[in-house]
Amino acid sequence: MSYTVSQLLTQDIAFQPIEIKGWVRTFRANRFIALNDGSTLHNIQCVVDFENTDENTLKRITTGAAVHIKGELVESQGKGQKVEIQVTSIAILGDSDPDEYPIQPKKHTFEFLRENAHLRTRTNTFSAVMRLRSSLSFAIHKYFNENEFYYMHTPIVTGSDAEGAGEMFRVSALDPKNPPLDDDGNINYKEDFFGKETNLTVSGQLEAETYAMSLGKVYTFGPTFRAENSNTSRHLAEFWMIEPEVAFMDLAGNMDLAEDFMKSVLSYVLEHNQDDLEFLEKRLLDEEKTKPQAERSEMSLIEKIKFVVDNNFKRVSYTEAIEILRNCKPNKKKKFNYIIEEWGADLQSEHERFLVEKHFKCPVILFDYPANIKAFYMRLNEDGKTVRAMDILFPGIGEMVGGSQREERLDVLKEKMKALDIPEEELWWYLDLRKYGTAVHSGFGLGFERLVMFATGMGNIRDVIPYPRTPQNAEF
């Protein structure tokens, strides 16, 4: 019977004939194969009877080669593993040139592995990261399904800019060398494929709102795009967003949902990805030892995840947070890179982490932000200067979730759009929601790669997505 490495290491099936297929990690002394098939972090040792194995076959058992092994699973004679395979036959499914194969059994830099992203999941670090990414993705769908949300696919090609960011990738079928022009000499997008100027989406939120106002509870989980020329460890041009939207839910309900959601998803990987988490935690601890003491994290990877799962999130208004930050020692002694001087400042990661890690010592939900630093669709409070926005702050990373109660009043929404020069005709369908059965509704957005970074301890967002898209980089 054919098994995976994970099954062989966890099920009680010793002393049975088995078959397995996988890739050779190492081959020692013409006798010991360390085999991995991606199902687990761990390799299984396969002991070859080299005296009864064809010499040509032995030469082809090299790092990276794909093999089909038949044998018997027995208790291991060596240290480090409970069972091993006594090989009765081995077939080479795919050769690997040992002189050219990039992923040799040695330490590689992450930069080198990004250049070989098509092979980097053959390393322990990246196989662990991608298994965790898969588990987090499943846990997200599982949570929403169990809580009676409907999954919807929002458009990737859009004619609107949901965030007002203006940094979007244009989608066009026009001849770039000779585009049609209108009477004013501008490109005539009426002759383009969609009959108007279109872009890749930055968010599925606005479309999700329309479905929430008929189906009640919906969520999106899809790719989004930003043409922001930021070559940092926290920016991608293509990334995945989770965006639930719920009718008849106010800001307090939105905060309840987001907290419960985050705890549920992270609890899932604590339960189902223990081996991968322990490996990544050890990797992170080894990396921390190379840093100056002041830059080291106070919590290990698993402690950080449990810090979120086990603590109630503290809810603090933006105004209260500003007072705390203005009067704290790092601000008064000018230790912050961005000094907080007055109400209205846009908080940076260093401020968010101070509130979580030093002041409250638990995850924090900030709410009621100044209207002028938040998006047009957020509900204006009665004070006329704040909106019903909320951000969830995590240790080590700062903002994890951003959301709000949406502006359900037609007249107020029109005024906000007018002030920001957002044409009504561009979002006529969005305004229609406020004409026909408007009601309180709320939602939030979570950048999936940021969550994967938090759960894996990886320091660069390029290392938590299979093929990163960044400025000057669209390889693979």
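Start by selecting helix H4 (residues 124-146) and helix H6 (residues 251-272): the two pack at an angle of about 135 degrees, with axes 9 Å apart. That angle makes H4 oblique to H6; angles under 35 degrees count as roughly parallel, over 145 as roughly antiparallel, 65 to 115 as roughly perpendicular, and the rest as oblique. Axes are lines fitted to C-alpha atoms, for helices over the stretch in contact, and angles run from 0 to 180 degrees between N-to-C directions.

The model is predicted: local features need pLDDT of at least 70, side-chain atom pairs count only at pLDDT 80 or more, and totals for chains, interfaces and linings use all residues. Residues are numbered from 1 along each chain as its sequence is written, and side-chain values use heavy atoms, with hydrogens and water left out. Helices (H or I, at least four residues) and strands (E, at least two) are DSSP runs, numbered from the N terminus.

Next, the sheet. Select E7, E9 and E8, which form an open antiparallel sheet in that order. Strands E7 (157-158) and E8 (170-171) stand at the edges with a single partner each, so one side of each has no neighbour in the sheet. Strands count as paired if DSSP finds at least two bridges between them. Two bridges join E7 to E9 (residues 198-200). Pick Val-157: its bridge partner in E9 is Leu-200.

Now helix H11 (residues 349-360). Its twelve residues should span 16 Å at 1.5 Å a residue, and the end C-alpha atoms, 15 Å apart, agree with that. The expected span is 1.5 Å times one less than the number of residues. Colour the buried residues of H11: His-351, Glu-352, Phe-354, Leu-355, Val-356 and Phe-360. Buried means under 20% relative accessible area, exposed over 50%, and partly exposed in between (1.4 Å probe, protein chains only). Step on to Lys-361, which follows H11 and has a positive phi, near 55 degrees.

Which residue holds the cysteine sulfur closest to that of Cys-328? Cys-362 does, at 16 Å, too far for a bond. Cys-328 is buried at 7% relative accessibility, and Cys-362 is buried at 11%. The whole structure has zero disulfides (pairs of cysteine sulfur atoms within 2.5 Å).

Finish at Ile-373, in the loop between strand E13 (364-370) and strand E14 (386-394). Ile-373 is partly exposed, at 26%. Draw a distance to Thr-386, 13 residues along the chain: the C-alpha atoms are separated by 9.4 Å.
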